[in-house]
Amino acid sequence: MSPTTTTTALLLDAPPTPTRPWASASNAETIDALPYIDVDYEDPAVKAEVDMMVEEEMRRSVKRPADFLREFPPQPKGRFQDHPMLAREYERVKAGKPPVSLDMSRYGLEALPANRRNDETAWNQALQKALRLLQHQVIRLENLDLMSKHAPDVWKQHNQLLESFLSRLRAMALEQNGKIEVVNRERKYYQQTSANELDALSEQWRELYLKNINIQEACGKIESYLEEPRREAAERGWNLDVNLENGAIIQ
């Protein structure tokens, strides 16, 4: 990949986002990649090397797959102080129990058993239940009549509201896609226009790197060459640590 230290739109930055407060700034990463001009990704040898490095890192990692869940934010605790029914339902789902079936017995009108057919109280209770069920059915018919008259218009208004909401979402999506397209075009333009400069800097860096290696090698040879005279001078008691200033020898 092309070496660069710039912080402009050339790089793909991954700063910490406000929606992830648990991720500290020290964990923020900058993806040093120039996908529009880097050609290393297309090299099968580079891909094989990267895959090998990833596999090696996975083998040396002490983390288990379950450990990565600890990096996510803690799960919020449910608050059902004012909703005991929700609390019971939450505990049921948590325990994996099946849902409780609805009690439909109050909607049925059963005949009195034989041993209570002479009980006036039982007959009164059965009559009251029958009247309640009859009233319930009357209310249902009234609701159906109201729905047949007004429900179509209400549904039309509801559908219009959903369509307007959908139109706004589509407009927002198009706007965001346009912004993304602009960023991608700018990034591509900056990368392509900077490719020649980056290649020249890369070549200059490589030449300077090789020159430094040659200088270090030459310095090592000189040090090896001077080691024998220094040792011989030390055996004879000579002091070679002198400086020349204005033609005079100063020890």
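## Terms and model

A residue counts as buried under 20% relative accessible area, exposed over 50%, and partly exposed in between, using a 1.4 Å probe and protein chains only. Glu89, with a relative accessible area of 38%, is therefore partly exposed.

The model is predicted, and local features need pLDDT of at least 70, side-chain atom pairs count only at pLDDT 80 or more, and totals for chains, interfaces and linings use all residues. Residues are numbered from 1 along each chain as its sequence is written, and side-chain values use heavy atoms, with hydrogens and water left out.

## Salt bridges within helices

A salt bridge is a side-chain nitrogen of Lys or Arg within 4 Å of a carboxyl oxygen of Asp or Glu. By this rule there are 11 salt bridges. Helices are DSSP runs of H or I with at least four residues, numbered from the N terminus.

In helix H2 (residues 84-95), Glu89 and Arg92 are 3 residues apart, about one helical turn. Their side chains form a salt bridge at 2.4 Å, N to O. Arg92 counts as buried, because its relative accessibility is 15%, whereas Glu89 is partly exposed.

Helix H1 (residues 44-60) holds Glu57 and Arg60, also 3 residues apart, about one turn of the helix. The N to O distance in their salt bridge is 2.8 Å. Arg60 is exposed at 54% relative accessibility, and Glu57 is partly exposed at 42%.

In helix H3 (residues 120-236), Asp145 and Lys149 are 4 residues apart, separated by about one helical turn. A salt bridge of 3.5 Å, N to O, joins their side chains. Lys149 is exposed at 54% relative accessibility, and Asp145 is partly exposed at 37%. Elsewhere, salt bridges that share partners join Glu56, Glu57, Arg59 and Arg60 into one network.

## Second largest pocket

On a 1 Å grid over the protein atoms alone, a pocket is an open set of points where a 1.4 Å probe fits, with protein on both sides within 12 Å along at least five of seven lines; lining residues have an atom within 4 Å of a point. Grid points are joined across faces, edges and corners, and a volume is the space filled by probe spheres set on the points.

The second largest pocket has a volume of about 200 Å³. Its lining residues include Gly108, Leu109, Glu110, Pro113, Arg116, Gln125, Lys129 and Arg132. By class, the lining has 6 nonpolar, 2 polar and 4 charged residues. Here Ala, Val, Leu, Ile, Met, Phe, Trp, Tyr, Cys and Pro count as nonpolar, Asp, Glu, Lys and Arg as charged, and the others, Gly among them, as polar.

Conventions:
Helices (H or I, at least four residues) and strands (E, at least two) are DSSP runs, numbered from the N terminus.
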